[in-house]
Amino acid sequence: MHICILGAGVIGVTSAYRLLQDGHEVTLLDSRPVAGGGTSMGNGAQLSYSYVAPLADPSVWTHWPHYLFSADSPLTLKPKFDPAQWRWLLKFLGACNAERVQRTTIELLQLAFYSRDELTQLHQAVPFDFSHRTAGKLVMYTDPAGLVSARKQVAFQSQYGCQQEVIDAARCLEIEPALGNASRNWAGGVYTPSEEAGDCAQFCQGLVTAMSSNAGFRFLPSTTVTQVNMKDGAIASVQAASEVAGASTQAIDADAFVLALGADSAAFARQAGFRLPLYPLKGYSITVPLNDSFAQSAAPQVSITDISKKIVYARLGNRLRVAGRVELVGMDTHIPDRAINELIDGANELFPGSIRDQKAAQLSPWAGFRPATPSGVPVIGASPVKNLYLNIGQGALGWTLACGSAALLAAQIGGRKTAIDVAPFRYGR
């Protein structure tokens, strides 16, 4: 079967790999000149298989004024005259209850552990460099009450295979000595020794290069879908404009299509005649070159999450990825100085000496749109359109969930029994 995959971020690229392994002919297209050039380009780099707590949480109800009006809130909401935003927010608030959060956590843990195993197998079968490392992860708390809540979450998740421990500040500094230079009064942290990190964009590009040796694979970069051609409730073809071919257009037909356009998936779905429960969660990152031995020793080896500021740190060889913020502001591509300065200040506060005299422009400032469902559970499988499949809505966990999502999708397309229950990920659930 010929399958056309729309979107070459980490979700689309891993979907292409699994479908190619199943013997399908695969066309992968993306509007950017390289695979992984969008939201996958500058994400937090952490592969957080055991830390999948959804954004929807009962605490949202008490923090709502802070999100709306505080300048230093890590989550920013700017209400717009946009029905899609309000529909999403209402469903999001409906998911902010303890029962839904527990169910979501269980569903995401199952998919995350499956994804971890799938990435391990992929990397063994197709070895290439993407700065991958298993160095563990520390989620750091300054608030003792927050650490008590974390202990309850760790106990809950231990029932579902998570191996984590709540440790005091002294033990945190033993595991990651670089935290000892931070101007923070740590209460303690949650340590997960098995967590991983890797460069998501480097992974996407390496996997596309590996697939290019397969005669059944075709990658069309700088190619944008401009029109969806429907016939008898199915997609007959998509019209695509290619910058590579001098802005020429072509009709791409296939037996089946996979929608993996990230935050742009909702607009495509509208053209195909249905609605997706997606909204973009805007985030920012910088990538710090660790140019000398002093900067390298100042930066952490273990992945770090500063829970109070919602900033994550991941070591990628001689680089440090620093990422944070969640903004519900639509598809605003502007990168404000304020957002980047917050990341710089956070890195200087936790790991003084890692950035040193580098200017903001030298730190590869980046913004991306993480496509999220209200509950945080992605949509994987059949759509209301006969020959269109969905692999969308992984939100901030796209890198973590990618390989498992791709395997789950491929099994459904191939009519095979899935390794985990697919019911939580069905469209319309």
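Rings of Phe, Tyr and Trp (for Trp, its six-membered ring) form an aromatic pair if their centres lie within 6.5 Å; planes under 30 degrees apart count as stacked, planes over 60 as edge-to-face, and the rest as tilted. The structure is a predicted model, in which local features need pLDDT of at least 70 and side-chain atom pairs count only at pLDDT 80 or more, while totals for chains, interfaces and linings use all residues. Residues are numbered from 1 along each chain as its sequence is written, and side-chain values use heavy atoms, with hydrogens and water left out.

## Aromatic pairs

A search of the whole structure finds 10 aromatic pairs. One of them joins Phe130 and Trp399, with 6.0 Å from centre to centre and 75° between the planes, and is edge-to-face. Helices (DSSP runs of H or I, at least four residues) and strands (runs of E, at least two) are numbered from the N terminus. Phe130 lies in the loop between helix H4 (98–125) and strand S5 (133–134), and Trp399 in helix H11 (residues 398–413), so this pair links parts of the chain 269 residues apart.

How accessible are these rings? A residue is buried under 20% relative accessible area, exposed over 50%, and partly exposed in between (1.4 Å probe, protein chains only). Phe130 is buried at 1%, and Trp399 is buried at 5%.

The rings of Phe274 and Tyr427 also form an edge-to-face pair, because their centres are 5.8 Å apart and their planes stand at 90°. Phe274 is in the loop between helix H8 (265–272) and strand S15 (279–289), whereas Tyr427 is in the segment after H11, so the pair ties together parts 153 residues apart in sequence. Phe274 is buried, at 8% relative accessibility, while Tyr427 is partly exposed, at 31%. Ring pairs also link Phe128, Phe130, Phe203 and Trp399 into a cluster.

## Cysteines

A disulfide is a pair of cysteine sulfur atoms within 2.5 Å. The whole structure has 0 disulfides.

| Cysteine | Cysteine with the nearest sulfur | Distance |
|---|---|---|
| Cys162 | Cys172 | 18 Å |
| Cys200 | Cys204 | 4.4 Å |

Cys162 is buried, with a relative accessible area of 6%. Cys200 is buried too, with a value of 0%.

## Helix H1

Helix H1 (residues 10–21) has 12 residues and reaches 17 Å from its first C-alpha to its last. That is close to the 16 Å expected at 1.5 Å a residue, where the expected span is 1.5 Å times one less than the number of residues. Is H1 enclosed or open? Because 11 of its 12 residues are buried, H1 is largely enclosed by the rest of the structure. Among the buried residues are Val10, Ile11, Tyr17, Arg18 and Leu20. H1 is followed by Gly23, whose phi is positive, near 95°.

## Pocket and cavity

A cavity is a set of points where a 1.4 Å probe fits but cannot get out, and a pocket is an open set with protein on both sides within 12 Å along at least five of seven lines; lining residues have an atom within 4 Å of a point. Grid points are joined across faces, edges and corners, and a volume is the space filled by probe spheres set on the points.

The second largest pocket has a volume of about 720 Å³. It is lined by 32 residues, of which Trp88, Leu276, Pro277, Leu278 and Pro374 are the closest to its centre. Helix H3 (83–94), H4, H8 and S15 each supply at least two residues of this lining, and H3 gives the most, with 4 residues. Ala, Val, Leu, Ile, Met, Phe, Trp, Tyr, Cys and Pro count as nonpolar, Asp, Glu, Lys and Arg as charged, and the others, Gly among them, as polar. On that basis the pocket lining has 18 nonpolar, 4 polar and 10 charged residues.

The structure holds 2 cavities of 30 Å³ or more. The second largest cavity contains about 40 Å³ of space. Its lining includes Arg133, Glu195, Glu196, Gln301 and Arg315. By class, the lining of this cavity has 3 nonpolar, 3 polar and 4 charged residues.

## Positive phi in two loops

Asp232 is not a glycine, yet has a positive phi of about 55°. Asp232 is in the loop between strand S11 (223–231) and strand S12 (234–242), and is exposed at 62% relative accessibility. Lys310, also a residue other than glycine, has a positive phi near 55°. Lys310 is in the loop between strand S16 (303–306) and S17, and is partly exposed, with a relative accessible area of 46%.

Key
On a 1 Å grid over the protein atoms alone, a cavity is a set of points where a 1.4 Å probe fits but cannot get out, and a pocket is an open set with protein on both sides within 12 Å along at least five of seven lines; lining residues have an atom within 4 Å of a point.
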